[in-house]
Amino acid sequence: MPHLPRNHTPKRKTERHSTGDRQFYKSAGWQKLRMVVLRNEPLCRVHRSAGYLIPANVVDHIIAITAGGHPSHAHNLMPLCSKCHDKKSAMERHGLSIEAATVDGLKLPTNAAVNEILEKLKNLI
């Protein structure tokens, strides 16, 4: 009968790395804003730009809060499906840089940067 070596440990699924913003994402203010964004734009922006009607279930910070992105400004928020959000997050972990402009002291993505992200993600659909 086959058996496992004594020092064998089963592989675990990769754990998500906390961005340190857990309290923010649990706050009533974020939950309310998230619902407003999803109500106003209920489809995944990436899929919609590619001609597909896929519901959004995640509100993504185009420029991460940890990278200085504004946490609640509408121009820094983008509704995505889970698959597109995971792909964008993976791209960010592998060095995706997002062009930002500072407007009234707020770090926000440029329109060109948003379009570039959408194109990159559409190519992964």
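This is a predicted model: local features need pLDDT of at least 70, side-chain atom pairs count only at pLDDT 80 or more; totals for chains, interfaces and linings use all residues.
Hi everyone. A definition to start: the expected span of a helix is 1.5 Å times one less than its number of residues.

Helix α5 runs over residues 111–122, which is twelve residues. From its first C-alpha to its last, α5 reaches 16 Å, close to the 16 Å expected.

Now, which residues of α5 are buried? They are Ala113, Val114, Ile117, Leu118 and Leu121. Looking down the axis of α5, these buried residues fall within an arc of 135°, so they line one face of the helix. As a reminder, an α-helix has 3.6 residues a turn, so residues three or four places apart point the same way. And what does that buried set pack against? The partners are α3 (45–49), β2 (77–80), α4 (82–93) and β4 (106–109).

Is histidine 47 buried or exposed? Its relative accessibility is 11%, and because buried means under 20%, histidine 47 counts as buried. Beyond its neighbours within four places in sequence, histidine 47 is in contact with Tyr52, Ile54, Cys81, Cys84 and Ile125.

Last stop, friends: phenylalanine 24, in helix α1 (residues 22–26). At 25% relative accessibility, phenylalanine 24 counts as partly exposed. Setting aside its neighbours within four places in sequence, phenylalanine 24 is in contact with Trp30, His61, Ile65 and Pro71. Take proline 71: it sits 47 residues from phenylalanine 24 along the chain, yet their C-alpha atoms are separated by 8.7 Å.

Thanks, everyone, and I'm happy to take questions.

Key
Residues are numbered from 1 along each chain as its sequence is written. Side-chain values use heavy atoms; hydrogens and water are left out. Helices (H or I, at least four residues) and strands (E, at least two) are DSSP runs, numbered from the N terminus. Buried means under 20% relative accessible area, exposed over 50%, partly exposed in between (1.4 Å probe, protein chains only). The arc is that of the directions from the helix axis to the C-beta atoms. Contact means heavy atoms within 4.5 Å.
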